[in-house]
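Dear colleague,

I am passing on the structure below for your attention. My findings follow it.

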Amino acid sequence: MPVLQAIAAALTFGLSAPISKILLDEVSPLLLAGLLYLGAGVFLFLVRAVGPRPQTRRLRPRERWALFGVVATGGVLAPPLLLWGLARSPASATALLLNLEVVFTTLLAGAVFGERLGRRVVGAATLMAIAGAVLAWPGDRLEFALPSLAVAGACLLWALDNNLTRLVADADAVLVAQVKGLAAGSVNTTLGLGRGDAMPGASAVLASLGLGAVSYGTSLVLFILAMRGLGAARTGAYFALAPFFGAAAAVTLLAEPLTPSLAVAAALMSVGLWLLVRERHTHRHRHPAGVHAHWHVHDEHHWHAHEGWEGPEPHSHPHATGPLDHEHPHVHDLHHGEPH
């Protein structure tokens with residue numbers, strides 16, 4: 001299930017690049033960034049208003065700071081950089097250059113946040129980076145144009161966002177995404193209008209909000225849910241399919257050429273995905289005693305009593321965990337943050 005959630009997140013986000021390229025004909029990059037996240041925030045607000053709410057705990061002070069970092073890096077700063085670069089380069093090339101996000105996410109997860117990165121994960125990330133380089137190569141010499149640097153900067157900011165999101169991954173995923181959408185959308189929309197960007201027509205505004213609801217709101221919720229089961233590095237690696245989906249959509253919707261470099265990059269991505277699927281990691285580890293709340297079923301990590309109000313599985317409620325010592329194949333997920 002987490003793998004399917006990660007791939008679905010990649011698909012919904014990948015479609016944003018070619019469609020955003022069309023909207024940039026009418027909307028400035030900064031204002032479009034604001035409208036996309038506003039669409040995500042409003043959509044998720046409505047989802048939470050009409051749907052059932054999971055039993056979750058309040059965010060701790062450390063998690064509130066992490067959420068602030070998520071909003072600032074991934075919501076406020078990264079989207080304008082991406083859209084500025086997208087406005088000045090082909091949608092297919094920009095979409096596939098987003099492969100740098102998985103490279104930065106993996107490096108930060110291992111070097112800064114302490115995730116164990118097996119050889120397969122590192123190999124997959126390396127293949128994704130090579131695929132991005134193949135697509136960014138302009139000819140017989142390597143050029144670091146400003147649009148490419150802007151996209152790379154957005155990828156670095158989203159990589160930091162991905163790793164910070166893991167710190168709040170056991171909270172209400174829809175609430176986290178809603179806060180990010182409303183806060184980041186309000187800031188960038190206000191900045192865009194404040195500097196004199198023209199408000200587009202009603203059809204462009206509605207299209208921007210709708211795209212944000214699907215490609216930013218729904219995608220982010222799926223990404224957070226996948227992260228609970230896979231960890232930041234592995235979820236980010238599966239999410240690296242998003243650029244391929246975006247490039248394919250650019251070829252289809254915008255009639256951009258299907259180049260040999262696109263085929264080579266697709267092959268490299270396929271090998272990288274195969275490495276991730278084949279990864280296995282097992283050793284004896286200990287789960288300390290604690291209490292937390294998140295969506296779960298009764299598996300080997302969840303054997304606890306119920307009072308009758310919790311509802312059918314999967315369900316969310318505060319429950320005790322550990323202490324538990326055992327050995328089984330696992331990844332660096334919500335229940336496996338042990339040092340290696």
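In this predicted model, the largest nonpolar core has 38 residues, of which Phe13, Leu32, Leu82, Leu98, Trp158, Tyr216 and Phe239 touch the most other members. Such a core is a set of buried Ala, Val, Leu, Ile, Met, Phe, Trp, Tyr and Cys residues joined through side-chain atoms within 4.5 Å; buried means under 20% relative accessible area, with a 1.4 Å probe and protein chains only. Among the elements that give two or more residues to this core are α1, α3 (29–50) and α10 (202–230), and α3 gives the most, with seven residues. Helices here are DSSP runs of H or I of at least four residues, and strands are E runs of at least two, numbered from the N terminus.

Phenylalanine 13, leaving aside neighbours within four places in sequence, is in contact with Leu98, Trp158, Ser215, Tyr216, Ser219, Phe239 and Ala242, where contact means heavy atoms within 4.5 Å. Another core, of 10 residues, lies apart from the largest one and includes Leu44, Ala66, Leu67 and Ala177.

Regarding the chain as a whole, the secondary structure comes to 13 helices and four strands. Of its 340 residues, 53% count as buried. Among contacts between residues at least 6 apart in sequence, 87% join residues at least 24 apart.

Residues are numbered from 1 along each chain as its sequence is written, and side-chain values use heavy atoms, without hydrogens and water. Local features need pLDDT of at least 70 and side-chain atom pairs count only at pLDDT 80 or more, while totals for chains, interfaces and linings use all residues.

Yours sincerely

Notes
Buried means under 20% relative accessible area, exposed over 50%, partly exposed in between (1.4 Å probe, protein chains only).
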